[in-house]
Amino acid sequence: MSKKTKVDPRIKRTNKYLRDALVELLKEKDVTSITIQEITEKAELTRGTFYLHYQDKQDFLMQSMNEVLEELIEKVKPKQNNEDFAAVEENDESVSFLKLFEFIYDHADYFKVMLSDRGLPQFRSHMTEIVKKRVYGELISSIGEAEDGLNIPKDILISYITSAHIGVICSWLESDIKFSPAFMAEKLTRLTLLGPIRVAGLENKIKLPY
């Protein structure tokens, strides 16, 4: 596996200034109406600096999105060189849940605007794929192995789980981080493994619609 090229700290700093400027502008207007001039002015950088790093606004938006989601992948993936890897592996799902919410918490402004109607339309689908493959990878692998014994098609189950979790993340962000990452990770783990009706304690309290 090839090592990643180390990015110059000055470039990372410039990219962060531009990304932070984009987030601030997205709080006020749609991504399609934001100009490069507005981004650079908000970041207190020149247009020349912008064009040193990006071809145009679309290039900037896509690179920024990919950078954040790559950071998310690095954050949630299991550390395979850990001495206690066997022990960690058993808890990959709960550990990944916590790391996912911690990362989103640390970048709350970015995720809130990008997952909103003002952000990039591609962002939600890209993030859904990452959550599906990186956070719930082991769970989905287990589903695949048990596919013959499922009561519903595997694709429907996987779609339900990942879509529900993205929805929970969006709701959490819209509530201005009402609960801690640890609280969210613990509740989402239980909801995933036990189901919403059981976790809510409603098994004997609601009438099923059939």
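Analyst: Start with one term. A residue is called buried under 20% relative accessible area and exposed over 50%, with partly exposed in between. Keep in mind that this is a predicted model.

Now take Asp109. Its relative accessibility is 41%, so Asp109 counts as partly exposed. Asp109 forms a salt bridge with Lys27. The closest N and O atoms of this pair are 3.5 Å apart. The cut-off for a salt bridge is 4 Å. This pair links distant parts of the chain. Asp109 sits in helix H7, while Lys27 lies in the loop between H1 and H2. The two are 82 residues apart. What about the partner's surface? Lys27 has 38% relative accessibility, so Lys27 is partly exposed too.

The pair is not alone. Glu24 joins Lys27 and Asp109 in a network of salt bridges.

Asp20 and Lys16 meet in a salt bridge through their side chains, at 2.7 Å from N to O. Both residues belong to helix H1. They are four residues apart, about one turn of the helix. Asp20 has a relative accessible area of 34%, which means it is partly exposed. Lys16 is partly exposed as well, at 44%.

Lys187 is partly exposed, with a relative accessible area of 34%. Glu186 is also partly exposed, at 37%.

Why can such pairs form? Side chains of opposite charge can pair when their charged atoms come close. A search of the whole structure finds eight salt bridges.

Finally, turn to the nonpolar residues. The largest nonpolar core has 45 residues. Those with the most contacts inside this core are Phe111, Phe123, Met127 and Ile169. Several helices give two or more residues to the core, including H1 (9–26), H7 (108–114) and H11 (181–194). The largest share of the core, eight residues, comes from H4. Met127 shows how parts of the chain meet there. Beyond its neighbours within four places in sequence, Met127 is in contact with Leu69, Ile104, Phe111, Leu115, Ile166 and Ile169. In soluble globular proteins, nonpolar side chains tend to be buried together.

Terms used. Residues are numbered from 1 along each chain as its sequence is written. This is a predicted model: local features need pLDDT of at least 70, side-chain atom pairs count only at pLDDT 80 or more; totals for chains, interfaces and linings use all residues. Side-chain values use heavy atoms; hydrogens and water are left out. A nonpolar core is a set of buried Ala, Val, Leu, Ile, Met, Phe, Trp, Tyr and Cys residues joined through side-chain atoms within 4.5 Å. Buried means under 20% relative accessible area, exposed over 50%, partly exposed in between (1.4 Å probe, protein chains only). Contact means heavy atoms within 4.5 Å.
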